[in-house]
Amino acid sequence: MAPKSKPSTPALGKPLKRGFFARSVHEVAPDLIGATLLVDGVGGIIVEVEAYHHTEPAAHSYNGPTPRNQVMFGPPGFAYVYRSYGIHWCVNFVCEEEGSASAVLIRALEPTHGIAAMRRRRHLVDLHALCSGPGKLTEALGITIAHNALPLDRPPIALHARSGEMAVATGIRIGLTKAVELPWRYGVRGSKFLSKPFPR
């Protein structure tokens with residue numbers, strides 16, 4: 001019997017530089033759908049994100065700078081990592097000009113690189129559940145507060161542009177009590193790797 005072939009790892013698009021993030025958070029967020037996020041070579045295709053703008057109360061920067069959110073007020077193209085509900089880390093990408101304090105939360109990935117390492121970290125086998133939420137994906141990729149304020153275009157972080165067109169769905173953000181009506185969640189329509197399906 002011939003040995004089973006391993007699934008092929010998708011080819012990576014061109015590296016994304018910090019300048020990619022020096023635009024409106026509402027342009028960057030949908031453009032990140034289909035991009036690949038890797039941390040020390042482990043990661044996958046971004047299938048779900050949420051945009052946060054400093055002018056709306058759900059953004060951490062809404063009430064001004066604090067020691068926790070300081071990186072949001074700096075230049076674009078850096079990671080903002082924070083602890084959610086005292087339980088898990090969340091990773092965001094800082095966007096817009098310095099001082100704007102707007103960012104994109106990475107909500108879900110389709111695992112493509114370093115899947116064995118992700119399964120080991122998450123104590124899970126199910127591919128669809130490895131990165132189907134902001135806390136799940138940070139655990140799978142080994143992201144912690146040590147990654148806060150790191151540039152998004154230098155090791156250990158790498159981002160690669162999507163290589164083709166994507167059917168991008170939009171909807172309201174998840175788990176908020178403020179600005180709940182804003183349709184600033186973006187994702188791959190029909191993806192099995194989302195944290196929550198988009199309404200039809």
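Modeller: Alanine 101 is buried, with a relative accessible area of 0%. Keep in mind that this is a predicted model.

Colleague: OK. Where does alanine 101 lie?

Modeller: In the loop between E4 and E5. Its phi is positive, about 60°, although alanine 101 is not a glycine.

Colleague: Why point that out?

Modeller: Because most residues other than glycine have a negative phi.

Colleague: Is alanine 179 buried or exposed?

Modeller: Buried, at 14% relative accessibility. The cut-off for buried is under 20%.

Colleague: New topic. Why is helix H4 largely enclosed by the rest of the structure?

Modeller: Because six of its eight residues, in the run 134–141, are buried.

Colleague: Which residues of H4 are buried?

Modeller: Pro134, Gly135, Leu137, Thr138, Ala140 and Leu141.

Colleague: And what do they pack against?

Modeller: Four strands: E1 (36–39), E2 (42–52), E4 (88–95) and E5 (102–113). Helices H2 (115–122) and H3 (127–130) are partners too.

Colleague: What comes just after H4?

Modeller: Glycine 142, with a positive phi of about 75°.

Colleague: Now the prolines. Is the peptide bond from proline 155 to proline 156 cis or trans?

Modeller: Cis, with omega near 10°. Most peptide bonds are trans.

Colleague: Where is proline 156 found?

Modeller: In the loop between H4 and strand E6 (157–160).

How values were computed:
Residues are numbered from 1 along each chain as its sequence is written. This is a predicted model: local features need pLDDT of at least 70, side-chain atom pairs count only at pLDDT 80 or more; totals for chains, interfaces and linings use all residues. Side-chain values use heavy atoms; hydrogens and water are left out. Buried means under 20% relative accessible area, exposed over 50%, partly exposed in between (1.4 Å probe, protein chains only). Helices (H or I, at least four residues) and strands (E, at least two) are DSSP runs, numbered from the N terminus. Contact means heavy atoms within 4.5 Å.
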